[in-house]
Amino acid sequence: MRPLLWAHCYYEAITMHERTERLKSIMAQHQLSCRDVGAILGRTEQTVLIWRCSTEANKKVIPAHQLELLELKLAQQANQ
């Protein structure tokens, strides 16, 4: 049985980091789940969940190179 993962952040009222906002935007635009993003980037679903809940305060932000890689891979998929 898979463990339950948090489906939302409790601290959404806190200002999000720009990369966190971009990650959420990309996921919404491409209708991607945390599992999908994790598979594309070779990371776990839990890691992506943490990135999505990142704020200026907790600094667990998606690394810039991972965000760029996600954008590149999605662009490649769109061109195929």
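Reply:
**A close look**

Gln31 is exposed, with a relative accessible area of 72%. Here buried means under 20% relative accessible area, exposed over 50%, and partly exposed in between, using a 1.4 Å probe and protein chains only. The areas come from the Shrake-Rupley method with a 1.4 Å probe; for residues, only the protein chains shown count as cover.

A word on the source: this is a predicted model, where local features need pLDDT of at least 70, side-chain atom pairs count only at pLDDT 80 or more, and totals for chains, interfaces and linings use all residues. Residues are numbered from 1 along each chain as its sequence is written, and side-chain values use heavy atoms, leaving out hydrogens and water.

Back to Gln31. It sits in the loop between α1 and α2. Its phi is positive, about 55 degrees, although Gln31 is not a glycine. Most residues other than glycine have a negative phi.

The protein chain has four helices and zero strands. Helices (H or I, at least four residues) and strands (E, at least two) are DSSP runs, numbered from the N terminus. Along the sequence the pattern reads α-α-α-α. Of the 80 residues in the protein chain, 31% are buried. The chain's accessible surface is about 5,700 Å², and 53% of that belongs to carbon and sulfur atoms.

Helix α1 holds Thr20. Thr20 is buried, at a relative accessible area of 0%. Leaving aside residues up to four places away in sequence, Thr20 touches Trp51, Arg52, Ser54 and Val61. A contact means heavy atoms within 4.5 Å. Among contacts in the chain with a separation of 6 or more, 64% join residues 24 or more positions apart.

Then comes α4, residues 64–79. Its 16 residues should span 22 Å at 1.5 Å a residue, and its end C-alpha atoms are 23 Å apart, which agrees. The expected span is 1.5 Å times one less than the number of residues.

Which residues of α4 are buried? They are Gln66, Leu67, Leu70 and Leu74. These cover an arc of only 100 degrees around the axis, so they lie on the same side of α4. The arc is that of the directions from the helix axis to the C-beta atoms. What covers them includes α1 (18–30), α2 (34–41) and α3 (45–52). The face of α4 turned away from its buried side carries the exposed residues His65, Gln76 and Asn79.
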